[in-house]
Amino acid sequence: MNITGQDLILACSAIGAGLAVIAGIGPGIGQGIAAGHGAAAVGRNPGAKSDIMSTMLLGQAVAETTGLYGLLVAMLLLFVQPLS
């Protein structure tokens, strides 16, 4: 088995892309927890629905950036070929 430098780079890029996509798990869990707590807060105080929802959606948008950055890194690792 003869692994060249280019093959090693491609293999490590694929492994890194897989690890970067795993970064999407955290935002998904965080957004689910935020939505659950937001729904519970609206249930306790329906009059503050607009304030609660706007704050919750802003927090979810900030949390989603982590997943998008992970996806961006994965795409760069898969489709940009270094040293070729």
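The legends below describe close-up views of a predicted model.

**View 1. Helix α1 and its buried face.**
Helix α1 covers residues 5–21. Ser13, Ala17 and Ala20 are the buried residues shown in α1. Seen down the helix axis, the buried residues of α1 fall within an arc of 65 degrees and therefore line one face of the helix. These buried residues pack against α3. Ile15 and Leu19 are exposed and sit on the face of α1 turned away from the buried side.

**View 2. Ala23 in the loop between α1 and α2.**
Ala23 is placed in the loop that lies between α1 and α2. With a relative accessible area of 32%, Ala23 is partly exposed, because the range for that class runs between 20% and 50%. Leaving aside residues up to four places away in sequence, Ala23 touches Gly67 and Gly70. Ala23 and Ile52 are 29 residues apart along the chain, and 27 Å separates their C-alpha atoms.

The 20 residues of α2 should span 28 Å at 1.5 Å a residue; the end C-alpha atoms are 29 Å apart, which agrees. Pro27, Gly38, Ala41 and Val42 are the buried residues of α2. They cover an arc of only 95 degrees around the axis, which puts them on the same side of α2. The cover over these buried residues includes α3. On the face of α2 turned away from the buried side are the exposed residues Ile25, Ile29, His37, Gly43 and Arg44.

**View 3. The contact of α2 with α3.**
Helix α2 (residues 25–44) and helix α3 (residues 49–79) have axes that come within 9 Å and cross at roughly 175 degrees. The two helices are therefore roughly antiparallel to each other, since the class takes angles over 145 degrees. From α2, the contact involves Pro27, Gln31, Ala34, Ala35, Gly38, Ala41 and Val42. From α3, it involves Lys49, Ile52, Met53, Met56, Gln60, Ala63, Glu64, Thr66 and Gly67. By class, the residues of this contact are nine nonpolar, five polar and two charged.

**View 4. Ile52 and its neighbours.**
Ile52 is in helix α3 and is one of the buried residues of that helix. Not counting residues up to four places away in sequence, Ile52 touches Gly38, Ala41, Val42 and Asn45. The C-alpha atoms of Ile52 and Ala41 are separated by 7.4 Å, with the two residues 11 apart along the chain.

Helix α3 has 31 residues and reaches 44 Å from its first C-alpha to its last, close to the 45 Å expected at 1.5 Å a residue. Its buried residues are Ile52, Met56, Gln60, Gly67, Gly70 and Ala74. What covers them includes α1 and α2. Val73 also lies in α3, but this residue is partly exposed, with a relative accessible area of 40%. Val73 and Leu10 are 63 residues apart along the chain, and their C-alpha atoms are separated by 15 Å.

Methods. Residues are numbered from 1 along each chain as its sequence is written. This is a predicted model: local features need pLDDT of at least 70, side-chain atom pairs count only at pLDDT 80 or more; totals for chains, interfaces and linings use all residues. Side-chain values use heavy atoms; hydrogens and water are left out. Axes are lines fitted to C-alpha atoms, for helices over the stretch in contact, and angles run from 0 to 180 degrees between N-to-C directions. Helices (H or I, at least four residues) and strands (E, at least two) are DSSP runs, numbered from the N terminus. Angles under 35 degrees count as roughly parallel, over 145 as roughly antiparallel, 65 to 115 as roughly perpendicular and the rest as oblique. Contact means heavy atoms within 4.5 Å. Ala, Val, Leu, Ile, Met, Phe, Trp, Tyr, Cys and Pro count as nonpolar, Asp, Glu, Lys and Arg as charged, and the others, Gly among them, as polar. The expected span of a helix is 1.5 Å times one less than its number of residues. Buried means under 20% relative accessible area, exposed over 50%, partly exposed in between (1.4 Å probe, protein chains only). The arc is that of the directions from the helix axis to the C-beta atoms.
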